[in-house]
Amino acid sequence: MAGLSLQHPWAFAFGLLGNIISFMTYLAPLPTFYRIYKNKSTEGFQSVPYVVALFSAMLWIYYALLKSDECLLITINSAGCVIETLYIVVYLVYAPKNGRLFTAKILLLLNVGVFGLILLLTLLLSAGEKRVVLLGWVCVGFSVCVFVAPLSIIRQVVRTRSVEYMPFSLSLSLTVSAVVWFLYGLLIRDKYVALPNVLGFTFGVIQMGLYALYRNATPRLPAKEVSDNEASVTDIVKLPEHVVTIAKLGSPAVELKGHEVQPVASITPGKTKKENDAAEETFKVAADMERNNV
């Protein structure tokens with residue numbers, strides 16, 4: 001077993017280190033899911049990276065079992081299957097109806113349908129070393145998908161100028177993990193392990209660069225969210241009802257309510273010019289006070 005043999009101490013060391021770092025990487029989204037649990041809402045988080053990561057872990061376990069000398073791959077990917085499954089369950093519990101339906105569809109399509117098809121084809125169409133080679137390239141392809149999956153988060157970071165949904169610790173651990181597993185694959189001469197981690201390192205560096213660029217930036221809401229927020233503010237925040245009490249000599253006080261200014265007194269025939277002027281002045285004062293309050 002190349003991964004555990006004392007004849008390959010560096011390979012064992014990097015494989016063990018890769019297990020530790022990858023396990024920490026699997027645990028990196030814990031604050032995210034604690035937030036989901038606390039708020040009882042998935043907010044803007046997506047389930048796609050976790051579904052794809054689960055599928056990738058399943059494939060690597062199958063590959064390691066076929067190759068029979070990749071014990072270190074089996075241990076970390078078994079832990080990954082358990083952890084990613086728990087994440088997906090939490091997401092399904094607190095996601096809105098559309099989110100649950102979408103997640104269930106891609107789970108059935110990818111983790112049941114596609115994995116079952118790969119399992120069936122590799123068992124029927126190849127044997128021995130050819131089966132390992134075929135499955136190895138399949139693992140490379142879907143490992144690339146794991147590293148490409150966070151592109152939706154990268155797009156959201158650029159669009160909103162906010163790194164809220166892209167923790168720096170996760171980007172850093174992914175980058176370091178990619179370096180360690182690349183060296184492990186190189187030392188045991190397994191190109192199927194080494195190759196995808198080149199892309200993983202690249203995307204990790206991009207994510208950390210975006211974090212450095214936008215960590216102090218002012219968040220920007222998408223146009224649709226801005227219009228929705230403005231509409232909600234218009235609906236919720238209403239002008240307070242003002243009560244203006246004006247006393248008029250010889251008549252009871254009149255209350256002006258709402259946003260319409262009602263005349264307190266009007267100019268009527270039969271009254272003296274002085275009384276009419278006083279009534280007109282009272283009306284102007286009421287109008288000015290109402291306008292200032294609004």
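Biologist: Why is Ile-36 called buried, and in which helix is Ile-36 found?
Modeller: Ile-36 is found in helix α2, which covers residues 30-39; helices are DSSP runs of H or I with at least four residues, strands are runs of E with at least two, and both are numbered from the N terminus. Buried means under 20% relative accessible area, exposed over 50% and partly exposed in between (1.4 Å probe, protein chains only), so Ile-36, at 0%, counts as buried. This is a predicted model, in which local features need pLDDT of at least 70 and side-chain atom pairs count only at pLDDT 80 or more, whereas totals for chains, interfaces and linings use all residues. Residues are numbered from 1 along each chain as its sequence is written, and side-chain values use heavy atoms, with hydrogens and water left out.

Biologist: Which residues does Ile-36 touch, not counting residues up to four places away in sequence?
Modeller: With contact meaning heavy atoms within 4.5 Å, Ile-36 touches Ser-41, Thr-42, Phe-45, Val-90 and Tyr-94 once residues up to four places away are set aside. Tyr-94 is 58 residues from Ile-36 along the chain, yet their C-alpha atoms are separated by 7.2 Å.

Biologist: How do you know that Lys-67 forms a salt bridge with Asp-190?
Modeller: A salt bridge is a side-chain nitrogen of Lys or Arg within 4 Å of a carboxyl oxygen of Asp or Glu, and the closest N and O atoms of Lys-67 and Asp-190 are 2.6 Å apart, so this pair forms one.

Biologist: What makes Arg-131 a residue with no salt bridge?
Modeller: The nearest side chain of opposite charge, Glu-129, is 11 Å away from the buried Arg-131, where Lys and Arg count as positive, Asp and Glu as negative, and His and the chain ends are not counted. The side chain of Arg-131, in helix α6 (residues 129-148), does reach the backbone oxygen of Ser-126 at 2.8 Å, and a polar atom of that side chain lies 3.0 Å from the backbone oxygen of Thr-122.

Biologist: Why is the aromatic pair of Trp-10 and Phe-14 called tilted, and that of Trp-137 and Tyr-192 edge-to-face?
Modeller: Rings of Phe, Tyr and Trp (its six-membered ring) pair if their centres lie within 6.5 Å, with planes under 30 degrees apart counted as stacked, over 60 as edge-to-face and the rest as tilted. Trp-10 and Phe-14 are 6.2 Å apart centre to centre with 35 degrees between the planes, so their pair is tilted. Trp-137 and Tyr-192, by contrast, show 5.4 Å and 85 degrees, so theirs is edge-to-face. Trp-137 lies in helix α6 and Tyr-192 in helix α9 (residues 191-214), so the second pair ties together parts that are 55 residues apart in sequence. Tyr-192 is buried, at 8% relative accessible area, whereas Trp-137 is partly exposed, at 44%.

Terms used
A polar contact is a pair of N or O atoms within 3.5 Å; within protein, one must be able to donate a hydrogen and the other to accept it, and residues adjacent in sequence count only if both atoms are side-chain atoms.
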